[in-house]
Amino acid sequence: MKIQIPRGTVDIMPGESEKWQYVEHVAQEIFKRARYSEIRTPIFEHTELFQKGVGDTTDIVTKEMYTFNDRKERSMTLRPEGTASVARAYVEHKLFGQVNQPAKLFYCGPMFRYERPQKGRQRQFVQIGAEAIGVQDPAVDAEMMALALSIYQELCLKEIKLVINSLGDKTSRLAHREALIAHFKPSIHEFCSDCQTRLEKNPLRILDCKVDHAHPLIATAPSIIDFLTDESLDYYTQVKRHLDVIEVPYVEDATMVRGLDYYNHTTFEIMSESKGFGAITTLCGGGRYNGLVEELGGPASPGVGFAMSIERLLAALAAEEITLPIANHLDVFVVGVGEAVSPITLKLTLAARKAGFTAERDYLSKKVKGQFKTADRENARFVVVVGEEELAEGLIVIKDMTTGTQEKIAMSDYIATLQKKQHEGETN
Ligand code: HAM
């Protein structure tokens, strides 16, 4: 039987992988300019990290984790997201002790969630994310949103919108929690068994339920905004003021519930508004998590961050019919006349690559005509021809495929001639 790829995963094949490289490069450049440094944490962690960090009432932890025992019977989990790992590393490497705060970190790598696969939802997906840990300042929240948006903007996406909300501080959330319990309790028997458990454990999760999302009580549930303490409301107002001044448009949505428990104060999502995008429209999610580092054993260190999957980003580009300007040019194709010159064609190919050109040759013992055909198909800028007779005199032929001109040169002048010709081509 043929072994097939696991459900919810993909092979990123040539033709597609260049897009991934391009997007990753754009993000890296943006992070570099914003003075974010890359962090690479393990793909698997102790299961407890996510139970504590992401929250043991979330769908991610209760239903979607790839958890296994290692050979010493320790429970390990393939990371479903990056924030908990980054916060763990922040504590483990005592980044809180550094002079420069917040610690500004970014990451890019695969995450794993056992979800029902559909367009834009996979079991293995790649997140690009950023975290700023160590400071609570509305400017950092606003900068984080602008940073996430700038990745989409740099890639020319237009049909996107930023949606924001505030979950407030502990006091606000407690008051909201009580109101939610009072709201749902009398009719909780109409809800799924998960929601019945959620009622006491974490009633906010009822608003996020995939089964009961159409129940009328969800739409009439008390809004968090009405329970924000003066301080929380002030913080939220400050965040919005920063967004206004830096001219980042946003819409507010008091019903936005994020699927992770660590959030407080600011939460946000970036959605695609493109018609062709499909049912799942969230491209990016993020927010503030002031208690997470403390929960993981570190000193109280407020944090804020976001993550976006490359899969959804590429889907958004496709929906807006944006083609990435990916360079895939061939500078030099080396043609050999007769098999005896094979080592020399290899030598010239390698020499061109070493000098910084993209270079290729034939590996199928094709006739000269066939080799030229390949060079044509690959759109080679220069074809270098090596024949036995010329070689005896130390000569080779360089043909410029754009002008059709060719000249015989000394093999010792090979690289210098290529460089000169390329330079002339660029300045013409
Ligand atoms: P999240 O909302 O769970 O947040 O995921 C963030 C993004 O990851 C989503 O907006 C989506 O682009 C992508 N994503 C999630 N699940 C899938 C999937 N199954 N298939 C494809 N893409 C997916 C977090 O993960 C938080 N750690 C974000 C964060 C960072 N908050 C603060 N810092």
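An oxygen atom of the ligand sits 2.8 Å from a polar backbone atom of L283; a polar contact here is a pair of N or O atoms within 3.5 Å, and within protein one must be able to donate a hydrogen and the other to accept it, with residues adjacent in sequence counting only if both atoms are side-chain atoms. This is a predicted model, where local features need pLDDT of at least 70 and side-chain atom pairs count only at pLDDT 80 or more, while totals for chains, interfaces and linings use all residues. Residues are numbered from 1 along each chain as its sequence is written, and side-chain values use heavy atoms, with hydrogens and water left out.

Staying with the ligand, one of its nitrogen atoms is 2.6 Å from an N or O atom in the side chain of Y263. R113 places a polar side-chain atom 2.9 Å from a ligand oxygen. The protein buries 96% of the 650 Å² that the ligand exposes when taken alone, by the Shrake-Rupley method with a 1.4 Å probe.

Now the shell. There are 28 residues around the ligand, and E81, E115, E131, Y263 and L283 come nearest; near means a heavy atom within 4 Å. By class, the shell has 11 nonpolar, 10 polar and 7 charged residues. Nonpolar covers Ala, Val, Leu, Ile, Met, Phe, Trp, Tyr, Cys and Pro, charged covers Asp, Glu, Lys and Arg, and the others, Gly among them, are polar. β10 (282–288) gives at least two residues, as do β6 (124–133) and β11 (303–309). The largest share, 6 residues, is from β10. Strands are DSSP runs of E, at least two residues, and helices are H or I, at least four, numbered from the N terminus.

Next, a helix pair. The axes of α1 (residues 17–33) and α11 (residues 310–319) come within 11 Å and cross at roughly 105°. α1 and α11 are therefore roughly perpendicular, the word for 65 to 115 degrees. K19, W20, V23 and E24 of α1 meet I310, E311, L313 and L314 of α11, contact being heavy atoms within 4.5 Å.

Last, the backbone. The Q101 to P102 peptide bond is cis, with omega near 0°. R35, not a glycine, has a positive phi of about 65°.

Methods:
Axes are lines fitted to C-alpha atoms, for helices over the stretch in contact, and angles run from 0 to 180 degrees between N-to-C directions. Angles under 35 degrees count as roughly parallel, over 145 as roughly antiparallel, 65 to 115 as roughly perpendicular and the rest as oblique.
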